[in-house]
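Hi there,

Here is the structure I promised to pass on.

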Amino acid sequence: MSVEKNLSLQYELGVLDELVLERINPEQEMRALLPECIDIAKKQKEIISKKMVATAYSFTKEKHTLTYIHNHQARLSFLIEQLTNYLNHEFIKDSGEHQQIVDQVLKQIVSLVRFLADTFKDYFNYDAESTVTFKHTASAYFTEQIKKIEGKFEGNCPALLELALGAIKEFSTNPLIKPTTFRRLMYYDFMLKDIEPLILSGKIDSKSLIITLIGLNFNSSQFMWYLTQEIEHAVMPLETHSEKVDKLTWYLKQFNQAHVRSDIIFEKNQEPIKERIINWILEEVGYLERNMRVEQGLINSGKELTDTEILFETTLSVPQLAYLFKVMLESKIIKERNITQMLRFIAEHSSSINTSGKIGYPSLRKNYYTNETGAKQAVKDVIIKMLNEVNKSL
C-alpha cells in the first residue's frame with residue numbers, strides 16, 4: 001500500500017471517539033461528567049479542522065482525498081447519532097448539567113460536519129443519509145422560514161409558491177418519516193434563501209418565481225406540469241399551426257436563455273428542468289410542423305436524393321453547424337424571416353462530418369436552441385480561421 005493511500009486512511013477523531021463513547025457515555029460505570037468535556041470538544045474541533053485541511057490537500061490523487069473525507073464524515077455522523085441517543089437516556093434527562101454538556105459536545109461535532117461540507121464541496125458525500133440531529137435542526141429552521149414567507153400572504157399563498165414549498169413543508173412536518181440526504185437538505189436551504197428576498201421585496205409574481213425555480217434547477221414533475229400547462233394555455237387559443245409554432249419558439253428562446261445552476265438539482269436522477277422543458281417544447285413544435293406539412297401536402301416519405309439536388313458537405317458537426325447559422329442570423333448576415341423554414345432548408349441541403357446524407361431536421365433544430373460550449377468554441381475557431389484566410393489576401 002502506498003504512503004499516500006496509508007495517509008488517506010489516517011484517523012483524526014481518536015480523542016473525540018474517547019470523549020463521546022467513553023467519558024460521556026451514560027451506559028458507562030463512571031458517570032461523572034465534567035465541564036472540561038466541552039472545552040475538549042471545542043479544542044478538538046479546531047485541531048481536527050486544521051489537520052484535515054492540511055492532510056486532504058496534500059494528496060495528489062482525488063480518490064485518496066475522497067476516501068479521507070468520506071471516512072471522517074461517516075464517523076462524525078455516527079458520533080452525532082450516539083450523542084442524540086444519549087439525550088434520550090434517563091440518566092441524562094434527569095440531570096440538567098449532564099444534558100447541557102452532551103448538547104454542547106454535540107454542537108461542536110455538528111459544526112465539524114458543516115465545516116467538511118463547506119470546505120470540501122467536491123468530496124463531501126451529499127448523498128449520504130442525513131443524521132437525526134441535522135434533520136431536527138433543519139426542520140425547525142425550515143418551519144420558521146416558511147411561516148415568515150407565508151405570513152406575508154396572510155393565508156392566501158400563490159399556487160406556484162405552495163407547489164415550490166410543498167416538499168419542504170412535508171419534510172418539516174415529519175423529518176424522520178423517510179430518508180433525507182444531506183443534498184436534499186442543502187437544496188431546501190438554497191430554495192428558501194432564493195425565494196425569501198422575492199417575498200420580502202414585495203415583487204414576487206408568477207414570472208419571477210418561475211425564473212427563480214428554473215435557476216434552482218427545480219425539476220419536480222409537479223413544476224414541469226405547471227410549466228407545460230402555462231404554455232398550453234398561452235398557445236391553444238391561437239388559430240393557426242404557424243402562430244402556435246411561433247409562440248412555442250418564443251418560449252423556447254426564453255427557456256434556452258434562462259440561467260440554471262449546475263451545482264444543485266432537486267431530483268438528482270431526473271433531467272435538469274431546463275432540458276426537460278426544452279425537449280417538451282421541441283416535441284410540441286415537431287408535432288405541429290408535421291401537421292402543417294400534412295395540410296400542405298408536402299410529406300413525401302419515399303423521396304430520395306436525386307442528381308438535381310444540392311447537398312453541401314461540411315466538416316462541422318450538427319451542433320457546430322446549428323450554432324454557426326445562429327451566429328449569422330443574430331449578427332444580421334442572414335436576414336431573418338422564418339427560422340423554421342430556414343432550418344429545414346439547411347437540414348435538407350447539408351451534411352455534417354458525422355452524416356453521409358442529409359442532416360436530421362429535429363437534430364439541427366434542437367441544437368439551434370441548445371448551444372453546447374464545445375460547439376461555440378469550435379465555431380469561434382472556424383471564424384478565426386476564416387479571418388486568417390481573408391488577412392492572407394489583403
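A helix here is a DSSP run of H or I with at least four residues, and helices are numbered from the N terminus. Helix α5 covers residues 90–93, and both Glu90 and Lys93 lie in it, three residues apart, about one turn of the helix. The two form a salt bridge, with their closest N and O atoms 3.6 Å apart. Glu90 is partly exposed at 49% relative accessibility, and Lys93 is partly exposed at 42%.

Please keep in mind that this is a predicted model. The mean pLDDT of the protein chain is 84, with 91% of its residues at 70 or more. Confidence is lowest in helix α1 (residues 3–8), at a mean of 60, and highest in helix α11 (residues 221–235), at 94.

The structure holds 18 salt bridges. One of them joins Asp189 and Lys193 at 3.1 Å, N to O; these residues are four apart in helix α9, about one helical turn. Another pairs Arg344 with Glu289 at 3.3 Å. That pair links distant parts of the chain, helix α15 and helix α13, 55 residues apart. Glu289 counts as buried because its relative accessibility is 4%, under the 20% cut-off.

Lys135, in helix α7 (residues 132–151), is also buried, at 6%. Its side chain makes a polar contact of 2.3 Å with that of Glu129. Beyond its sequence neighbours within four places, Lys135 is in contact with residues including Phe171, Pro175 and Leu176.

Finally, Leu387, Val390 and Leu394 make a nonpolar surface patch of about 340 Å².

Best wishes

Notes: Residues are numbered from 1 along each chain as its sequence is written. This is a predicted model: local features need pLDDT of at least 70, side-chain atom pairs count only at pLDDT 80 or more; totals for chains, interfaces and linings use all residues. Side-chain values use heavy atoms; hydrogens and water are left out. Helices (H or I, at least four residues) and strands (E, at least two) are DSSP runs, numbered from the N terminus. Buried means under 20% relative accessible area, exposed over 50%, partly exposed in between (1.4 Å probe, protein chains only). A polar contact is a pair of N or O atoms within 3.5 Å; within protein, one must be able to donate a hydrogen and the other to accept it, and residues adjacent in sequence count only if both atoms are side-chain atoms. Contact means heavy atoms within 4.5 Å. Patches are made of residues with over 30% relative accessible area and no salt bridge: like charges are joined within 9 Å, nonpolar side chains (Val, Leu, Ile, Met, Phe, Trp, Tyr) within 5 Å. Accessible areas come from the Shrake-Rupley method with a 1.4 Å probe; for residues, only the protein chains shown count as cover. A salt bridge is a side-chain nitrogen of Lys or Arg within 4 Å of a carboxyl oxygen of Asp or Glu. pLDDT is the predictor's confidence in each residue, from 0 to 100.
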